[in-house]
Amino acid sequence: MTGRAADTAGEGHRASPPDLPGGQRENSSRPDALGEHGSDDQIRAGRRLSRRGVLRGAAVLGAAGALGAWEWSADTPADREHLTSDARLPEPFTLPLVLPPVLAPIARDDTTDYYRIVQRPADIAVLPGYSTPMWTYGGSFPGPTVVSARDRRTVVTHRNELPVPVVVHLHGGHLPEESDGFPTDLLYPAGTPAAAMPDMPGMARDPMAHTAIGERDYVYPAGQPAAALWYHDHRMDFTGAAVWRGLAGFHLVTDESEQRLGLPAGDRDLPLLLADRAFDTTGALKYPAIDPSALHTAGVTGKFTRGALGDVVLVNGVPWPEHRVVTARYRLRLLNGSNARVYRLRLDMPHGDGHFVQIGSDGGLLDRPQRLDEVTIAPGERYDVVVDFGGCAVGDRVTVYNDLGAGTTTRIMRFAVTDRVADTAVIPDTLSGTAPPDPGTAVTTRVFRFGRRDAGSTHGWVINGRPYSPFEPIARPRLGDLEIWRLVTDLDHPIHLHLNQFRVLSRNGGPPLPADAGWKDTLYLTAAQTAEIAVRFTDHAGRYVLHCHNLEHEDMSMMATFTTHT
């Protein structure tokens, strides 16, 4: 069913909100009338309390069975089990930073740029003296950077020469359903006989999936604002294994208004993908998969169900690199491409202004720049920042530290200041004029609780008490309607929405953090937090997902389908 008939059948008529899975209710009143239905009262009361009070209120919810057994403790990387490398590791800051290659179009016409990427195994020189087998986009890690112009349509043809099915998701893309990378939209390896195409492990074949063998086109319409997006594998139950093995790359969208601002450009515009990994004695990647073939059985072993963490920090595939800079402003497009690690980045600058100036977020430029002492970046998030080396002395070394790390993961990279130059780049006081949504016009409020049901199960991480199903939508938003989504966590979860970006309205009933500014598609919530976001889905009707971007949580069912309709 479609339209209002489907809305009535799937969620109940708006005048009479039904119970949602997990015992939650949908409040269809204005967003300032939160907490009218039982458990929401607990959340509203909890907002007025301290963090301890919030924990108590959330514990009441757990006891009531909303999420089953919750574990009320912080879930920082230092608390979790790490994979330990057996290979010889280089000394930090001895290897040069490498920038991902920029992909050239294979063809152009009046409206469209065409690209082609072959997904294939390749041996990559990550650690000196070793060759690391990886799954790659085009033979490199990260994959090649795709650059799109806002006023032009982009078509990327992917060919699969890997030993497993794949799904390509353009993270942050505003896309039609068939190009979004729904988890069951499998692209099978080239040469796979149609009769031999496997079903998804543990479930029947999805009759609504957009599948292909060998090659398929992903169509990205024109019109998306300038932003740093990224593409990565999104196959149901195996995203963590595929991304860990190398399937990730930048996709940058540009437009003329951004180019006129005078921001750092050219070799002073650095896309930086952060990822932690671990290596065995041969230099191969270590990953705690139950099924190393990534074909039959999903999930990871032991305590790694809380997320896979490595002991080597890679920046663009290079362990703890150094990059030579001059006394000028540099634009750093920071992307956390790790499976589960959260970084808190801090600059140690001997001379000059050791701050980050944030100019953009997941969805593009902020309204105005802001200074940040540190940047906390969770898996899937992007922060567009400028670092000014103008006050440095030639010979200075500027180190980027990770204050959430331990041991070898406390350092990220270093900049070596080599020359004094005149700098013409600027940071304007106004960057973008996109108006935020008015929460008072929201038509409904939905509640999504992210929690652990059974840590030993491949379906141990759930949303609203139920594991992921591609067939059963958790919500059916109407295109064009503004909605308030209330996100509630047990432990740490970076929460990602497909199709549209959102604005953060509050955290625990208070104001958002400064780093929540701008248009987001991924929001990091720590243990026992509540956030409210305003989201308006537009243009494309179909199936999409929201999920935790801790990829081990995602693979173990912390994902939900929602369907948009007219």
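Mentor: Remember that this is a predicted model. Start with two residues: both Trp485 and Phe562 are buried.

Trainee: What makes Trp485 and Phe562 an edge-to-face pair?

Mentor: Two values. A pair of aromatic rings is described by the distance of the centres and the angle of the planes. Here the centres are 5.7 Å apart and the planes stand at 90°. Rings pair if their centres lie within 6.5 Å, and planes over 60 degrees apart count as edge-to-face.

Trainee: How do you know that the pair links distant parts of the chain?

Mentor: Look at the numbering. Trp485 is in strand S26 (residues 482-489), and Phe562 is in strand S32 (residues 559-564). They are 77 residues apart.

Trainee: Which residues do ring pairs link into a cluster?

Mentor: Phe448, Trp485, Phe537, Tyr544 and Phe562. In the whole structure, the search finds nine aromatic pairs.

Trainee: Why is Leu546 called buried?

Mentor: Its relative accessibility is 0%. Buried means under 20%, so Leu546 counts as buried. Leu546 lies in strand S31 (residues 542-548).

Trainee: What is Leu546 in contact with, leaving aside its neighbours within four places in sequence?

Mentor: The list includes Phe448, Trp485 and Phe562. Ile463, Ile474 and Met559 are also among the contacts. Contact means heavy atoms within 4.5 Å.

Trainee: How do you know that the charge of Arg245 sits over a ring?

Mentor: The charged end of Arg245 is 4.3 Å from the centre of the Trp135 ring. The distance cut-off is within 6 Å, and the direction must be within 35 degrees of the ring normal. Arg245 is listed as sitting over that ring. Arg216 lies over the face of Tyr218, at 4.4 Å from the ring centre.

Trainee: Now the largest pocket. What is its volume, and which residues are closest to its centre?

Mentor: The volume is about 670 Å³. Of the 33 lining residues, the closest to the centre are Pro225, Gly363, Thr434, Gln501 and Trp519.

Trainee: Which element gives the largest share of the lining of the largest pocket?

Mentor: S30, with three residues. Helix H6 (256-259), strand S19 (364-372) and strand S30 (530-536) each supply at least two.

Trainee: How do the lining residues divide?

Mentor: Into 16 nonpolar, 12 polar and five charged.

Note on methods:
Residues are numbered from 1 along each chain as its sequence is written. This is a predicted model: local features need pLDDT of at least 70, side-chain atom pairs count only at pLDDT 80 or more; totals for chains, interfaces and linings use all residues. Side-chain values use heavy atoms; hydrogens and water are left out. Helices (H or I, at least four residues) and strands (E, at least two) are DSSP runs, numbered from the N terminus. Buried means under 20% relative accessible area, exposed over 50%, partly exposed in between (1.4 Å probe, protein chains only). On a 1 Å grid over the protein atoms alone, a cavity is a set of points where a 1.4 Å probe fits but cannot get out, and a pocket is an open set with protein on both sides within 12 Å along at least five of seven lines; lining residues have an atom within 4 Å of a point. Grid points are joined across faces, edges and corners, and a volume is the space filled by probe spheres set on the points. Ala, Val, Leu, Ile, Met, Phe, Trp, Tyr, Cys and Pro count as nonpolar, Asp, Glu, Lys and Arg as charged, and the others, Gly among them, as polar. Rings of Phe, Tyr and Trp (its six-membered ring) pair if their centres lie within 6.5 Å; planes under 30 degrees apart count as stacked, over 60 as edge-to-face and the rest as tilted.
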